[in-house]
Amino acid sequence: AKADIGNAQRTKEIIKKYGVRAKKGFGQNFLTDLNVLTGIVNAANISKNDNVIEIGPGLGALTEQLAKAAGEVVALEIDEDLLPILADVLSPYDNVKVINQDVLKANLPELIQKEFTDPTRPIKVVANLPYYITSPILMGLLNSSVHWDAICVMMQKEVAERLTAKVGTKEYGSLTLAIEYLMTARLAFGVSRHSFVPAPNVDSAIVVLETRQEQLAVQPFSRQKLFSFIKACFAHRRKNLWNNLKPVVGKDKERQAAVKEILSQLDIATTDRPETLNLEQFIRLANALHAQNL
Ligand code: SAM
């Protein structure tokens with residue numbers, strides 16, 4: 001029997017046999033560490049009742065471990081050169097479909113209906129993400145209408161720290177809050193750059209996102225406007241909240257006074273830094289400003 005695809009020697013053989021040249025432009029760094037691969041599958045808590053979407057199967061190392069653990073796997077790969085290789089190395093598994101598809105352009109609800117035998121099963125995303133588009137991919141998943149039972153993804157360590165940051169830290173920002181709005185995030189484990197071929201020049205970490213169980217104490221008047229407001233509040237991280245708000249409020253003295261009044265009612269100081277506000281405070285602030293046409 002052949003060794004698993006993620007076995008370093010086997011990966012080397014596949015690369016040689018097909019003359020694979022990792023494409024930097026597609027963020028291709030292939031995992032060659034079976035402990036990491038099974039660690040990801042365990043962190044995602046995959047069972048035979050799960051449908052799994054994998055983003056970027058690459059040479060199929062993670063796909064294979066997912067095929068062993070999951071009910072069905074649908075893998076979306078942008079690089080069509082990898083499709084014949086994947087068809088070959090994954091041929092022992094009859095519960096895997098590889099589709100030549102840019103995940104950023106995919107209609108995910110439609111794809112799920114079309115590709116899974118039983119689309120009503122729990123659906124999870126598991127991936128070693130292409131790092132150059134981590135945030136757009138995550139935002140695309142969260143903004144889609146799909147109910148994800150879990151999203152378990154590997155990314156650059158620094159981004160993982162931002163996703164899972166606590167209020168008041170320098171990693172905390174609009175990305176943290178965008179995730180927190182819908183999900184709970186936890187850092188599962190870190191992965192050295194030496195677990196990949198070719199080795200990227202950053203270290204990595206696995207983040208597990210799960211649907212939040214507790215409802216938010218307040219709802220925003222508009223989710224989209226809330227997040228453009230939050231982005232504006234973090235536009236200059238070294239400035240305090242008031243100095244970030246000024247360009248939004250404008251020069252009118254009466255408007256400025258009205259906004260300061262709202263801040264004081266919400267117990268927020270003009271000198272507070274944006275990273276000291278929690279999600280609920282941002283929602284209350286955005287709602288109050290909106291209610292007074294500010
Ligand atoms: N899963 C493999 C592994 O762990 O060894 C490869 C991971 S590699 C970091 C990222 C993969 O995502 C590559 O195979 C790359 O071609 C693919 N990819 C890059 N951009 C993509 C996109 N927009 N849509 C789908 N796949 C993409």
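Lys-225, Leu-226, Phe-229 and Ile-230 in α9 meet Phe-282, Ile-283 and Ala-286 in α12, where contact means C-beta atoms, placed from the backbone, within 7 Å. This contact of α9 with α12 divides into 6 nonpolar residues, no polar and 1 charged. Ala, Val, Leu, Ile, Met, Phe, Trp, Tyr, Cys and Pro count as nonpolar, Asp, Glu, Lys and Arg as charged, and the others, Gly among them, as polar. The model is predicted: local features need pLDDT of at least 70, side-chain atom pairs count only at pLDDT 80 or more, and totals for chains, interfaces and linings use all residues. Residues are numbered from 1 along each chain as its sequence is written.

**Helix pair**
- The axes of helix α9 (residues 223-233) and helix α12 (residues 279-291) come within 10 Å and cross at roughly 105 degrees.
- Axes are lines fitted to C-alpha atoms, for helices over the stretch in contact, with angles from 0 to 180 degrees between N-to-C directions.
- α9 and α12 are therefore roughly perpendicular to each other (65 to 115 degrees; under 35 is roughly parallel, over 145 roughly antiparallel, the rest oblique).
- Helices (H or I, at least four residues) and strands (E, at least two) are DSSP runs, numbered from the N terminus.

**Nonpolar core**
- The largest nonpolar core has 74 residues, of which Ile-40, Val-125, Cys-152, Val-153, Ile-206 and Val-207 touch the most other members.
- Strand β6 (residues 150-156) gives the largest share of this core, 6 residues.
- Such a core is a set of buried Ala, Val, Leu, Ile, Met, Phe, Trp, Tyr and Cys residues joined through C-beta atoms within 7 Å.
- A residue is buried if 20 or more other C-beta atoms lie within 10 Å of its own, exposed if 12 or fewer, and partly exposed in between.
- Beyond four places in sequence, Val-125 is in contact with Ile-53, Ile-55, Leu-141, Trp-148, Ile-151 and Val-153.

**Annotated residues**
- An unreviewed UniProt entry assigns "domain: Ribosomal RNA adenine methylase transferase N-terminal" to residues 36-213; positions follow the numbering used here, feature names are shortened, and annotations may be inferred rather than shown by experiment.
- The span 36-213 is 31% helix and 27% strand, and its end C-alpha atoms lie 28 Å apart.
- The unreviewed entry in UniProt also places "binding site" at Asn-29, Leu-31, Gly-56, Glu-77, Asp-102 and Asn-128.
- Leu-31 is in strand β1 (residues 30-31) and counts as buried, with 24 C-beta neighbours inside 10 Å.
- Among the residues that Leu-31 touches, leaving out those up to four places away in sequence, are Gly-6, Ala-61, Asn-128 and Phe-196.
- Glu-77, in strand β3 (residues 72-77), is buried, with 24 other C-beta atoms within 10 Å.

**Loops and backbone geometry**
- Asp-149 is in the loop between α6 (134-143) and β6 and counts as partly exposed, with 17 C-beta neighbours inside 10 Å.
- Asp-149 and Ala-44 are 105 residues apart in sequence and 9.6 Å apart in space, C-alpha to C-alpha.
- Most residues other than glycine have a negative phi, and most peptide bonds are trans.
- Val-197 and Pro-198 are joined by a cis peptide bond with omega of about -15 degrees; Pro-198 lies in the loop between β8 (196-197) and β9 (204-211).
- Asp-267, not a glycine, has a positive phi of about 65 degrees and sits in the loop between α11 (253-265) and α12.
- Asn-293, also not a glycine, has a positive phi of about 55 degrees and is in the segment after α12.

Key. Two residues are in contact if their C-beta atoms, placed from the backbone, lie within 7 Å.
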